[in-house]
Protein chains: 2
Amino acid sequence: MFSLGIDFGGTSIKTGVTVNGALIQRGPLIDTMKSGDRDSLLAAILEAIAELRAAFPGIAAIGIGFPGLVDSVNGIVRELSNVAGWVNVPMRDILHQATGLPVAIENDAKAMTYAEWKFGAGRGFSHLVCITLGTGVGGGLILNGQPYKGASLGAGEIGQMHYSSSGSPAGHYGNSGALEKLVGNKEITERARERYALAGRAMDCGDASPATLAGHAHAGDTLAQSIWDEIGTEIGVVLSDLVWLLNPEAIVLGGGVAKAGELLFDPIRRTIRNRTAAAIHENLQILPATLGNDAGIIGNAALGLEAV
Amino acid sequence: MFSLGIDFGGTSIKTGVTVNGALIQRGPLIDTMKSGDRDSLLAAILEAIAELRAAFPGIAAIGIGFPGLVDSVNGIVRELSNVAGWVNVPMRDILHQATGLPVAIENDAKAMTYAEWKFGAGRGFSHLVCITLGTGVGGGLILNGQPYKGASLGAGEIGQMHYSSSGSPAGHYGNSGALEKLVGNKEITERARERYALAGRAMDCGDASPATLAGHAHAGDTLAQSIWDEIGTEIGVVLSDLVWLLNPEAIVLGGGVAKAGELLFDPIRRTIRNRTAAAIHENLQILPATLGNDAGIIGNAALGLEAV
């Protein structure tokens with residue numbers, strides 16, 4: 001069955017049509033900031049939906065994921081982290097009334113988790129944790145063979161767990177030492193700039209983005225390698241806590257920062273091995289996500305079909 | 001239905017008969033250390049079972065919980081933390097063959113969790129975390145309305161999660177800063193002794209046990225109060241991580257250290273409130289366990305009946 005997936009991001013809104021977890025047609029890409037206020041964004045989303053339905057009249061459902069707090073049971077966007085004006089928006093009803101189709105809405109990291117579980121690196125696991133390492137650090141859980149959302153649908157916020165209890169910087173919520181304030185995209189860039197400056201090599205670090213830093217490390221730059229080792233160790237300490245608590249079969253890591261690959265996965269695996277019992281880590285798999293930037297579209301489209 | 005529960009502890013083995021979660025008869029108390037090796041302990045357990053069955057011929061099942069790694073699916077004690085000689089013991093088969101009754105075996109913290117969920121402070125919750133604060137710190141999870149055990153049945157090890165990433169002391173597994181190495185019974189006593197000594201009040205702290213320290217705090221001793229505040233804050237930081245990850249409806253705290261009551265619960269609640277989003281803490285309940293030292297007998301007996 002054709003389904004329409006929408007991945008609402010702080011930078012852009014991606015759209016597409018899927019069949020059985022495969023993206024068969026990309027739709028319009030909407031610039032989140034340029035499109036302005038909520039009504040303009042809604043209009044742009046409805047236009048994209050109309051365009052894709054014209055090409056694929058068989059589209060049976062719509063799924064849309066948002067970067068923030070989403071009440072997936074009642075179909076309401078509670079609050080978005082980085083897009084103003086989206087508070088308590090009954091998005092499921094709005095889209096259903098405009099299109100007549102079944103609609104599902106979800107948090108973006110949970111939609112990505114669903115996609116990787118159904119069609120990606122997490123396929124076949126009953127106890128799975130998915131993590132997105134990007135501007136922020138988000139996550140989703142599959143436990144006892146089903147998505148786990150928690151009492152108020154807010155579970156999986158791995159980026160808010162603490163690395164250092166005393167240390168700055170504070171998280172969004174007063175949670176000092178929050179992981180995402182250490183290993184978010186921007187924070188990695190800042191760390192790289194500082195480290196290269198300290199080493200008297202400010203000119204060498206380029207734009208200091210995670211991608212550039214990974215390039216330097218792959219080319220043999222030991223400073224870049226040591227920064228990745230440090231970042232992987234920090235993530236590994238927090239994931240060790242998660243492993244003690246949830247004893248998952250697999251942890252899938254996606255998002256831009258995870259593209260550093262073994263530079264990051266090596267210290268993560270080593271840290272988890274060093275900080276947990278063999279009985280809970282010996283069969284644990286730490287895997288890269290396989291659906292990349294399309295995970296959002298694919299996961300939301302699949303969740304839309306679940307609502308049929 | 002009558003069921004026989006056995007709570008195998010490092011110090012003593014408690015036995016009893018329950019009906020619908022109520023302990024109606026205590027059986028023999030076995031001294032774990034004094035009873036010697038594994039065969040002597042097994043003989044003492046079988047004797048206790050025979051005695052209780054003589055008094056209650058209607059006993060329909062047996063449940064037994066152990067302080068350590070237990071394979072509840074295959075009925076095998078993998079390893080006990082503080083009792084030597086218990087490695088890969090097929091305890092379910094041994095007891096079943098000796099008694100002819102259905103037998104369940106479980107980890108002690110998980111049996112306590114089951115008891116509090118079915119009959120105690122955790123009744124009615126679908127997303128529940130239970131924690132025992134004693135010599136060590138153990139835990140159990142109820143998620144989506146069912147016990148959650150994880151890939152290799154090792155989930156819920158809250159005491160192994162880290163408070164301080166860098167700090168000593170190391171946990172059993174190389175996990176520096178592990179919560180149970182900060183707030184275990186013995187560690188609280190050591191901390192109290194140090195603190196009173198530093199304040200030039202070594203004579204005032206008595207045996208420095210958590211119970212004594214709670215007595216001092218209740219009597220208005222501000223040093224004792226500040227130590228409890230510190231301990232509650234440390235537990236609260238780790239529980240905040242757990243709240244971000246699992247978004248539970250309730251956290252139930254039991255074990256000897258939890259008897260400090262509001263001295264401990266106050267800073268725990270305050271820390272969770274200060275470190276998490278309102279959406280995930282505003283309806284969260286932090287509750288004292290209600291079944292006390294009998295939770296093990298009651299939980300194991302109930303799990304025994306589940307095996308019928």
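Chain B can be laid on chain A by a turn of 180 degrees and a shift of 0.0 Å along the axis, with an RMSD of 0.0 Å. That is the relation of a two-fold axis. The model is predicted. Between them, the two chains bury about 3,500 Å².

**Symmetry and interface**

- Two copies of a chain are related by a rotation about an axis and a shift along it.
- Ser164(B) is the residue of chain B that comes closest to the rotation axis, with its C-alpha at 2.9 Å.
- The same surface serves both copies, since 100% of the contact residues of chain B recur in chain A.
- Chain B gives 43 residues to the contact, and chain A gives 43 residues.
- The size of an interface is often given as the accessible area lost when the parts come together.
- Of the area buried between chain B and chain A, 56% is on carbon and sulfur atoms.
- Three residues, Trp244(B), Leu245(B) and Arg275(B), supply 22% of the area that chain B buries against chain A.

**The five-stranded sheet of chain B**

- This open sheet of chain B has 5 strands in the order 12-11-10-13-14. The pairing is mixed.
- Strand 12 (146-148) and strand 14 (285-288) of chain B stand at the edges. Each has a single partner strand, so one side of each is left without a neighbour in the sheet.
- From one strand to the next, the twist averages 25 degrees.
- Strand 11 (residues 137-143) of chain B pairs with strand 12 of chain B in the antiparallel sense, over 3 bridges.
- Ile142(B) has Pro147(B), in strand 12 of chain B, as its bridge partner.

- Strands of a sheet pair through backbone hydrogen bonds, either parallel or antiparallel.
- How many residues of strand 1 (residues 2-8) of chain B are buried? The count is 6 of the 7, so strand 1 of chain B is largely enclosed by the rest of the structure.
- Strand 1 of chain B pairs with strand 2 (residues 12-19) of chain B in the antiparallel sense, over 7 bridges.
- A hairpin of 3 residues joins strand 1 of chain B to strand 2 of chain B.
- The bridge partner of Leu4(B) in strand 2 of chain B is Val17(B).
- Strand 1 of chain B also runs parallel to strand 5 of chain B, joined by 4 bridges.
- Ile6(B) has Ile64(B), in strand 5 of chain B, as its bridge partner.

**Cysteines**

- A disulfide is a covalent bond between the sulfur atoms of two cysteines.
- The count of disulfides over all chains comes to 0, with a cut-off of 2.5 Å between cysteine sulfur atoms.
- Cys130(A) is buried, at a relative accessible area of 1%.
- Cys205(A) also counts as buried, at 5% relative accessibility.

**Single residues**

- Gly58(B) sits in the loop between helix 1 (38-55) and strand 5 (62-66) of chain B.
- Gly58(B) is partly exposed, with a relative accessible area of 41%.
- Gly58(B) and Phe2(B) are 56 residues apart in sequence. In space they are 6.1 Å apart, C-alpha to C-alpha.
- Ser12(A) lies in strand 2 (residues 12-19) of chain A.
- Buried or exposed: which applies to Ser12(A)? Ser12(A) counts as buried because its relative accessibility is 19%, and the cut-off for buried is under 20%.
- Residues up to four places away in sequence aside, Ser12(A) touches Asp7(A), Leu29(A), Ile30(A) and Thr32(A).
- Ala214(B) is in helix 6 (residues 210-218) of chain B, and counts as buried at 8% relative accessibility.
- Neighbours within four places in sequence aside, Ala214(B) is in contact with Trp228(B), Ala260(B) and Leu263(B).
- Ala214(B) and Val183(B) are 31 residues apart along the chain, and their C-alpha atoms are separated by 14 Å.

Methods: Residues numbered from 1 in each chain as written. Chains lettered and ligands numbered in written order. Predicted model: local features only at pLDDT ≥ 70, side-chain atom pairs only at ≥ 80, totals over all residues. Heavy atoms only, no water. Pairing = 2+ DSSP bridges. Helix = DSSP H or I, 4+ residues; strand = E, 2+ residues; numbered from the N terminus. Axes fitted to C-alpha atoms, helices over the stretch in contact; angles between N-to-C directions. Least-squares fit on C-alpha atoms with pLDDT ≥ 70 in both. Contact = heavy atoms within 4.5 Å. Buried < 20%, exposed > 50% of the residue type's maximum accessible area, 1.4 Å probe, protein only. Buried area = accessible area lost by both parts, 1.4 Å probe.
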